[in-house]
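The structure is shown first, and the discussion follows.

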Amino acid sequence: MIGIGLMSGTSLDGIDAALVEIQEDNGRIRYQLIHFLTKPFRPGIREEIERAISLERSTAQLICSLNFKLGYEFAASAQCVAKEAGVPMERVDFIASHGQTIWHQPIEEGEYVPSTLQIGEPAVIAYETGRPVISNFRVMDMAAGGQGAPLVSYTDYLLYRSDDEHLVLQNIGGIANLTYLPKGCTIDDVRSFDTGPGNMMIDEAVKRYFNLPYDPDGSIARRGCVITPLLNRLMDDPFIQMAPPKTTGRERYGKQYVERIIASLDEAVRAEDVVATFTEFVIQSIVHHYRQLGPIDRVIVSGGGSRNQYILNGLKRELSCDVVPLEAIDENSDAKEAIAFALLGYETLHGRTNNVKQATGARRAVILGHITPKPY
């Protein structure tokens, strides 16, 4: 089967689209990445997403409209990746769309029950492309008592489990999350959870101080010095100290959180030192969680953070095992999550359970996703 996986994450930098061919060989799923691209949002869309996420600025009308706008954005990304690969849309068997998370509340807070909302209307994607669409992957896991994340741990298990190594798959996107695959593991041995912020806080600081979208190669952080009292304060954050299963997102570590942290600092603090401290926070929060795992032979890092040499070097400094980017095993780090949702959609279409209940905290294994049939 040929599928397209669509992913827009907490970094809000656009839509990742992966065109993949999926096969099964002796009960094991294999894939070939045909083409991958990241399509930036049209002007104004990122700002609308940021408004929709904000408790102070969001409205029901905004979210309703943005749901359809993003549907057209996701459809255009699917059409673009197929066109660039020279694959007619008629040959694509399905599209699997994660959507854009607007709010993710994994635990009850007062009157608000555990819930999650991803938008990017699947009916629009299906109509514009003429392909069936699998979407809303997180909600069934939450209905079963889980936190709706992390979901990529299922495909990590399918693709990377080993009889020879204890592996950690460490993704560092806007949020950082890990999948731990002990040597010779079954799916019940897999552990996976969010470790805290990834690039999100760094990006906000760099945007504020340097008017840049991110810290290229960690070069700004390398010019700074870690502010130890601030790092200690960040590490005392309740989420970092919470036991898994756990997930988090922009609603916790986004712009408002960063603004509160910066407002509490002395005005004489150097911008480079703030960036260095936020970057070191990523490293130390990841390492803190590794101490709760078993033996580790190798850490494979993906996501935008895999290109930040400050982070990679910091992990190598702190860990007594190999630390390599996903490209070291000839795979595309940027495409990893979009590929994962294509594989999750494939499993959904085949009626197979595709969550890792011990990772999300769900009461049972369930089939994830809503299926919107092709409209004509």
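A pocket, as the term is used here, is an open set of grid points with protein on both sides within 12 Å along at least five of seven lines, and its lining residues have an atom within 4 Å of a point. The model under discussion is predicted.

**The second largest pocket**

The second largest pocket has a volume of about 860 Å³. Its lining comprises 33 residues, and those that lie nearest the centre are Ile 53, Leu 55, Trp 103, Glu 251 and Arg 252. Two or more lining residues come from each of the elements α1 (45–53), β4 (94–105), β5 (115–119), α10 (250–253) and α11 (255–263). Among these contributors, α11 gives the most, with five residues. By residue class, the lining of this pocket divides as follows.

| Class of lining residue | Number of residues |
|---|---|
| Nonpolar | 12 residues |
| Polar | 11 residues |

Met 1, Leu 349 and Ile 371 make a nonpolar surface patch of about 230 Å². Of these, Leu 349 belongs to helix α14 (residues 336–349). Leu 349 has a relative accessible area of 33% and is therefore partly exposed, since that class lies between the 20% limit for buried and the 50% limit for exposed.

Leu 167 is located in strand β7 (residues 167–172). Its relative accessibility is 3%, so Leu 167 counts as buried. Along the chain, Leu 167 and His 289 are 122 residues apart, while their C-alpha atoms are separated by 14 Å.

Methods. Residues are numbered from 1 along each chain as its sequence is written. This is a predicted model: local features need pLDDT of at least 70, side-chain atom pairs count only at pLDDT 80 or more; totals for chains, interfaces and linings use all residues. Side-chain values use heavy atoms; hydrogens and water are left out. On a 1 Å grid over the protein atoms alone, a cavity is a set of points where a 1.4 Å probe fits but cannot get out, and a pocket is an open set with protein on both sides within 12 Å along at least five of seven lines; lining residues have an atom within 4 Å of a point. Grid points are joined across faces, edges and corners, and a volume is the space filled by probe spheres set on the points. Helices (H or I, at least four residues) and strands (E, at least two) are DSSP runs, numbered from the N terminus. Ala, Val, Leu, Ile, Met, Phe, Trp, Tyr, Cys and Pro count as nonpolar, Asp, Glu, Lys and Arg as charged, and the others, Gly among them, as polar. Patches are made of residues with over 30% relative accessible area and no salt bridge: like charges are joined within 9 Å, nonpolar side chains (Val, Leu, Ile, Met, Phe, Trp, Tyr) within 5 Å. Accessible areas come from the Shrake-Rupley method with a 1.4 Å probe; for residues, only the protein chains shown count as cover. A salt bridge is a side-chain nitrogen of Lys or Arg within 4 Å of a carboxyl oxygen of Asp or Glu. Buried means under 20% relative accessible area, exposed over 50%, partly exposed in between (1.4 Å probe, protein chains only).
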